[in-house]
Amino acid sequence: MAKIPEAAERPERIESGLLRRINERRLFETLQQHGPASRASLTRLSGLTAPTVSKAIESLLSRGFVEETDPTEQTIGRPGKLIRLATESAVVLGVVIDVENCSVTATGLDGRVAEPHTSRFATPTDYLDLLDAIEASGRALVGESLDRLQGVGVSVPGLVNDRLGEIVFSPNLHLLDKRNPARDLADRLGCECLLLQESYALCLGERLHGAARALDDFALLDVEAGLGLGVMSGGRLLAGHSGMAGELGHITVAPDGMRCGCGNRGCLETLATDAALARMLAEAVGQPVDLAAAATLLTERPADFQHEIRTVTEHLAIAIAAVINIFNPTALFVHGRLLAGHPERFERVLDRVKQRTLTASLADCAIHATRSSKRQGAVAGIIHHLTNAWAPSLG
Ligand SMILES: [Zn+2]
């Protein structure tokens, strides 16, 4: 008999714990959207009651997720202290492993990335050298505050298999094949490290910082080194069975074309990317051309490379049209440097997209060049993971 009230109490306690964390997450997201705010403003913006806000803030403060700050001089009247996302009491690292270069960025839970807190280096050719370089950069950036390191997001190119917990295959950076640099860094840094396929990271970055802020259905096409696709559908990243969905880059478009990093011939990514354009320029000038050199050549001698620009423009338009026709997104973000990062050349791509896309699908979709970077994506990824682990979002 005595057990009845106890059993009845238990689910209530679980519910109230969950409810508390959901409220805390809602306040965290309100701060992400609006920036630093007073307790009164947070009450108004979140729609929660003042005592609930007060309790949630105390809990967030004690866990180091938010901190108190003095209002700026411009603030009218005499409001109390402002609450902001932790920038001093918490640190996260965003690691970007890319084909030519890598970067490590330290930031707070506001996820703002800045050049003085970023270290960059050429991608080493050996996997252990790569881990050493990332660990050394991370430790130098975090300095004394290693105990405040909440987590690390690691953006990588290639096929990330979530079930196996590793990069099964990275066509343009084979030193990552069968590796999990996030797991290896977790051992070295002693904190949670999250492996993020780079297109997914870019999606999360664009949602936290860019034009995708309020969007639940959008796609992001990364056409820098390889051709990657991230699709956010109904607020969730489309992952497939093992997290490997979205490999549009390895669709064959030229059956007898050049050999791709995946082993096949004539994949879309051998014709539609910045790397493809740089390779074509290298063939034209007879010497190696990296992305920076390609950007310079295109700016200084555009008339000499019309054929190469046209070829890649045409294939990038086919890639964009495929995404819009298949996924019907409200917005498509294109991440790239040589075409997407250059307004005039991007206009020419969009002109070709009109001819390749179904009219009704194109009418639904706005196409933008991305505003966020892989650095922001890696940081946004770990912040998203930390908040998700803490409480589910109510949308
Ligand atoms: Zn391929």
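Residues are numbered from 1 along each chain as its sequence is written. Because the model is predicted, local features need pLDDT of at least 70 and side-chain atom pairs count only at pLDDT 80 or more, while totals for chains, interfaces and linings use all residues.

The domain assignment, whose bounds come from an automatic or database source, divides the chain into domain 1 (17–85), domain 2 (91–203 + 375–390) and domain 3 (213–370). The C-alpha centres of domain 2 and domain 3 are 24 Å apart, and their contact (C-beta atoms, placed from the backbone, within 7 Å) involves 16 residues of domain 2 and 22 residues of domain 3.

Helices (H or I, at least four residues) and strands (E, at least two) are DSSP runs numbered from the N terminus. Helix H2 (residues 39–46) and helix H3 (residues 50–62) have axes, fitted to C-alpha atoms over the stretch in contact with angles from 0 to 180 degrees between N-to-C directions, that come within 9 Å and cross at roughly 115 degrees. Arg39, Leu42, Thr43 and Ser46 of H2 meet Ala50, Val53, Ser54 and Ile57 of H3 in this contact.

An open sheet is formed by 3 strands in the order E1-E3-E2, with antiparallel pairing, where pairing requires at least two DSSP bridges between two strands. Strand E1 (37–38) and strand E2 (66–69) are the edge strands, each pairing on one side only. E1 pairs with strand E3 (residues 82–85) over 2 bridges, and Ala37 stands opposite Ile83 in E3.

Methods:
Two residues are in contact if their C-beta atoms, placed from the backbone, lie within 7 Å.
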